[in-house]
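I opened this one to see how the chain is put together and what a few side chains are up to. My notes follow.

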Amino acid sequence: MCIRDRPALIHRQDDTAMSLADTLADIRRRNDWALLPQAVPFAHMLGLRVDVRGESLTCVLPYEPSLIGNPVLPALHGGAVGGFMECAGILHMLWSTDAQSIPKTINFGIDYLLSCRAQDTFANVYVVKLGKRVSNLRIEAWQTTPDKPVVVATMNLLMR
């Protein structure tokens with residue numbers, strides 16, 4: 001068995017390790033979606049949060065001074081924002097499907113419309129096509145209101 005084929009282990013706060021599938025099953029059983037970012041290591045490292053209200057999930061990138069890319073404006077680093085957008089798409093698919101593993105990004109295109117200021121950033125994900133093997137998403141991020149997006153992205157995911 002090569003390293004890629006081993007099940008990912010998620011280390012919980014009580015220092016026990018669970019496989020990704022077990023972590024997702026636990027989150028779904030408890031209906032505690034706040035734990036979802038722990039299932040994606042990069043999302044956990046960024047400190048992402050999810051807010052589930054009814055049938056919609058909003059991802060939140062909390063502002064941290066370490067995320068600043070341009071201290072003159074100040075503006076968030078484009079790489080951090082791009083990573084946030086990609087994680088938002090993945091988290092949405094883990095939330096809205098019965099996926100047992102993290103979907104794999106096929107391609108990701110991003111348009112930076114405005115500088116992301118030094119404040120929390122939010123993202124909504126819209127499923128354009130949900131397929132058995134490939135899904136297409138549109139992701140919109142904003143800071144003040146959803147009507148004024150600062151970044152939009154399209155993403156294709158391989159559903160495992």
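This is a predicted model: local features need pLDDT of at least 70, side-chain atom pairs count only at pLDDT 80 or more; totals for chains, interfaces and linings use all residues.

**Surface and overall make-up**

I started with the surface: the accessible area of the chain comes to about 9100 Å², and 53% of that belongs to carbon and sulfur atoms. Areas here are Shrake-Rupley values with a 1.4 Å probe, and for residues only the protein chains shown count as cover.

Residues are numbered from 1 along each chain as its sequence is written, and side-chain values use heavy atoms, with hydrogens and water left out.

Next I looked up burial, and buried residues make up 41% of the 160 in the chain. The cut-offs are under 20% relative accessible area for buried, over 50% for exposed, and partly exposed in between (1.4 Å probe, protein chains only).

I then went through the secondary structure and found three helices and ten strands. Helices are DSSP runs of H or I with at least four residues, strands are runs of E with at least two, and both are numbered from the N terminus. The order from the N terminus is β-β-α-α-β-β-β-β-α-β-β-β-β.

I also checked how far apart in sequence the contacting residues are, taking contact as heavy atoms within 4.5 Å. Of the contacts between residues at least 6 apart, 57% join residues at least 24 apart.

Which residues of helix 1 are buried? In this helix, residues 20–30, I get Leu-20, Thr-23, Leu-24, Asp-26 and Ile-27. They sit on the same side of helix 1, because they cover an arc of only 160° around the axis, taken from the directions from the helix axis to the C-beta atoms. After the helix comes Asn-31, with a positive phi near 55°.

A salt bridge here is a side-chain nitrogen of Lys or Arg within 4 Å of a carboxyl oxygen of Asp or Glu.

- Asp-26 and Arg-29 meet in a salt bridge at 2.5 Å, N to O; both are in helix 1, three residues apart, about one turn.
- Arg-30 also bridges to Asp-26, with the closest N and O atoms 3.0 Å apart; these two are about one helical turn apart because they are four residues apart in helix 1.

That links Asp-26, Arg-29 and Arg-30 in a network of salt bridges.

The whole structure has four salt bridges. One of them joins Arg-53 and Asp-51, closest N and O atoms 3.0 Å apart. Here Arg-53 counts as exposed at 62%, and Asp-51 is partly exposed at 29%.

**Thr-58**

I moved on to strand 4, residues 56–61, which holds Thr-58. Thr-58 is buried, at 14% relative accessibility. What does the side chain of Thr-58 make a polar contact with? I find the side chain of Asn-124, at 2.9 Å. A polar contact is a pair of N or O atoms within 3.5 Å; within protein, one must be able to donate a hydrogen and the other to accept it, and residues adjacent in sequence count only if both atoms are side-chain atoms. Leaving aside neighbours within four places in sequence, Thr-58 has contacts that include Asp-51, Phe-122 and Trp-142.

**Glu-86**

Glu-86 is in helix 3, residues 78–96, and is partly exposed at 27%. Its side chain has a 2.6 Å polar contact with the side chain of Thr-105. Beyond four places in sequence, I list Thr-105, Phe-108 and Met-155 as its contacts. I also noted the C-alpha separation from Phe-42, 44 residues away along the chain: 9.9 Å.

**Gln-143**

My last stop was the loop between strand 9 (134–142) and strand 10 (149–158), where Gln-143 lies. Is Gln-143 buried or exposed? Gln-143 is buried, with a relative accessible area of 10%. Its side chain reaches the backbone oxygen of Gln-119 at 3.4 Å and makes a 2.9 Å polar contact with the side chain of Thr-121. Not counting residues up to four places away, Gln-143 touches residues including Leu-76, Cys-116, Phe-122 and Val-150.
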